[in-house]
2 protein chains.
Amino acid sequence: MSATAERQRFARIALSFVAEPGDLVLGVLLRCCEPAEIMAALSSGDDPGAVLPAAGREVPGLSQAFRRWRARLDQVPLPARLSAWEGIGLRQVCPGEPEWPARLDDLGEARPVVLWLRGNADLRHACLRSVSMVGSRASTAYGNHVCAEIAAALAERAWAVISGGAFGIDAAAHRGALGAEGITIAVLAGGLSYAYPRGHHELFAAIAAQGVVVSEWPPDRAPTRPGFLVRNRVIAALSCGTVVVEAALRSGALSTARHARDLCRPLMAVPGPVTSETSAGCHEIIREWGAVCVTGAQDVIEHVSPVGEGLGARRRGRAHPRDHLDPLSAAVLEAVPARTGGGPAVIAVAAGVDLDTAIGCLGALAAAGFVERCARGWRIRKMP
Amino acid sequence: MSATAERQRFARIALSFVAEPGDLVLGVLLRCCEPAEIMAALSSGDDPGAVLPAAGREVPGLSQAFRRWRARLDQVPLPARLSAWEGIGLRQVCPGEPEWPARLDDLGEARPVVLWLRGNADLRHACLRSVSMVGSRASTAYGNHVCAEIAAALAERAWAVISGGAFGIDAAAHRGALGAEGITIAVLAGGLSYAYPRGHHELFAAIAAQGVVVSEWPPDRAPTRPGFLVRNRVIAALSCGTVVVEAALRSGALSTARHARDLCRPLMAVPGPVTSETSAGCHEIIREWGAVCVTGAQDVIEHVSPVGEGLGARRRGRAHPRDHLDPLSAAVLEAVPARTGGGPAVIAVAAGVDLDTAIGCLGALAAAGFVERCARGWRIRKMP
């Protein structure tokens with residue numbers, strides 16, 4: 001890396017210490033100014049409009065943002081501190097770098113300034129085939145079970161599972177993927193040294209060993225409540241699609257779902273008993289937002305895969321209402337030429353029944369929706 | 001009724017004894033010939049093409065149908081037999097008569113020739129506000145519970161509940177409506193004197209007392225397996241919409257669902273645990289056929305009601321992700337002018353915070369999807 005690039009990179013990391021993740025003023029500003037230029041302007045103490053003519057009046061809220069950021073300039077770490085973090089296994093990845101997931105750029109001005117990572121997986125590569133699985137912290141045994149099953153099945157088919165590292169559904173998703181020796185990614189709402197919730201210390205270590213733990217926040221920042229909502233856009237943006245496993249109507253998981261929808265990423269939900277409040281959010285987004293109702297990993301893969309992929313194994317158990325037919329009707333139905341159609345006499349011969357029986361069966365089959373009239377007589381009606 | 005009308009009516013009823021329900025040849029034939037004309041042709045023993053010139057070559061399969069029907073002419077009851085059935089509380093309703101549900105005419109040539117009824121409710125009136133609830137005979141306690149709850153709630157709001165009188169979900173639907181003193185309609189796949197299944201003898205009596213039991217078959221016909229599929233089109237056609245409560249992938253309930261969809265009637269399904277095979281059919285039609293995911297009677301009513309009706313009580317429990325906001329962000333969000341939008345200074349004053357705090361909160365609120373930039377500053381982003 002050239003000295004200039006190195007300087008810009010350090011400035012960008014420094015900015016992530018003075019501005020909160022999701023600060024749109026910084027997002028807009030970074031469209032017209034280099035990080036080092038912004039850091040220099042911040043350090044100068046001058047009016048931002050004067051020192052950053054490129055931004056000028058174009059960036060609303062710039063003066064206030066500068067006041068806010070300047071109050072935090074003392075939090076920018078010395079290079080030695082950064083090295084110390086790297087020494088304990090943390091790394092940063094900035095936009096455009098090899099490990100940066102290009103999909104995050106869809107967030108536009110809300111794109112993270114930098115990501116902090118800990119773990120052995122390559123983030124960009126892992127995200128190429130990945131699904132976010134999110135849901136309630138107060139999940140049920142049903143939700144945990146189904147979530148872990150789907151996550152394990154996704155992992156077995158080499159799909160990475162992304163979640164938020166929280167108790168409940170998030171933990172079930174990570175653990176399901178880990179159990180199947182798959183890659184899983186935890187996107188936290190606080191610094192990586194902080195590792196909230198504390199009870200997941202060992203889970204995060206396991207994720208780092210097999211996948212990667214991610215945060216937009218500097219390593220020593222404690223999570224704040226709004227931070228969780230801000231973080232959710234990253235979970236949605238990193239993956240090919242988002243699955244809500246269990247979510248009450250009042251649920252942070254629905255904020256992730258909304259981001260997925262707004263990013264035009266596939267949005268899915270796992271149904272559950274209508275008597276369970278923790279499934280009410282899932283049913284709501286299926287009904288009201290058009291989230292796809294998924295019942296297993298195969299459904300999920302079909303829905304996040306490019307057209308044509310992911311199909312095949314499916315529909316083994318596909319039902320045919322014709323299984324309910326009496327033997328005669330079934331024989332007649334079997335004898336109807338599918339596309340070209342045919343007359344009753346031809347069908348009767350093929351079915352091995354007399355003409356009268358064939359006609360009778362065709363009438364009943366038509367009433368039941370199996371066959372329809374056509375120019376040549378009768379043909380199979382297309383099933384849904 | 002004039003003597004001519006009386007004669008046509010008797011001929012129509014007679015035809016229902018010689019042709020099976022759903023016999024499309026008869027359906028087509030009745031478009032161009034009067035019932036009495038067809039009965040006379042049948043009795044004459046002549047070639048149908050000769051005695052029914054209006055039908056002629058236009059009706060495919062007519063000769064074979066005549067052979068089939070003629071073999072059953074001895075089953076046409078004498079008027080005295082019809083009177084006897086009327087004496088035990090059965091009545092017939094023919095197309096165009098006051099109690100005929102006009103909605104059945106959407107079935108076209110598959111429209112029933114006649115319906116046999118037993119019960120105190122007026123069929124046409126009851127169907128005007130009605131929902132079909134169908135599902136598995138091998139239902140679970142969950143399915144029965146949810147079905148009865150929804151049926152009772154529909155009945156309480158003066159919606160009639162239509163089902164097939166079978167064990168499992170059908171029985172739960174009828175019983176739920178009866179328990180709420182509502183009207184319920186059982187559409188059977190065999191004659192009303194037969195009353196299959198036998199175990200539902202008392203249930204059918206209760207339905208007749210409070211609603212109506214319906215069949216296309218002559219009173220003494222035993223149900224046949226194909227008859228159930230043929231019957232399903234009537235369940236779908238009678239109601240404003242169909243709800244599938246529990247259905248396996250291999251399930252007759254899905255044939256009713258397909259008829260509802262083909263008739264362009266609202267099709268709904270109640271989700272359940274993805275671990276339950278009896279909910280797999282529901283999830284499939286939600287995902288693949290676009291059936292609406294409903295979790296209660298209110299959802300159903302909204303979906304079957306003309307636009308604008310049925311709304312109102314809903315959304316009491318509607319969640320706002322803003323419930324998760326910290327107090328400062330919540331105050332700032334509250335202060336953002338919803339449609340017109342406003343600058344940060346205005347918002348800061350309204351929220352009772354300083355400008356810096358307002359800007360910071362607005363940035364986080366924007367990242368979380370609550371607000372967005374507009375010409376005048378910031379405005380509320382429309383929630384889904």
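Residues are numbered from 1 along each chain as its sequence is written, while chains are lettered from A and ligands numbered from 1 in the order in which they are written. Because the model is predicted, local features need pLDDT of at least 70 and side-chain atom pairs count only at pLDDT 80 or more, whereas totals for chains, interfaces and linings use all residues.

In chain A, the domain assignment (bounds from an automatic or database assignment) gives domain 1 (3-76), domain 2 (102-304) and domain 3 (321-380). The C-alpha centres of domain 2 of chain A and domain 3 of chain A are 50 Å apart.

The contact (C-beta atoms, placed from the backbone, within 7 Å) takes 65 residues from chain B and 64 residues from chain A. On the side of chain B that touches chain A, α17(B) gives the most, with eight residues, where helices are DSSP runs of H or I of at least four residues and strands are runs of E of at least two, numbered from the N terminus.

Within chain B, strand β10 (residues 371-374) and strand β11 (residues 377-380) run antiparallel and are joined by four bridges, pairing being assigned if DSSP finds at least two bridges between strands. These strands, β10(B) and β11(B), form a hairpin with two residues between them, and B:Val371 stands opposite B:Ile380 in β11(B).

Definitions and conventions:
Two residues are in contact if their C-beta atoms, placed from the backbone, lie within 7 Å.
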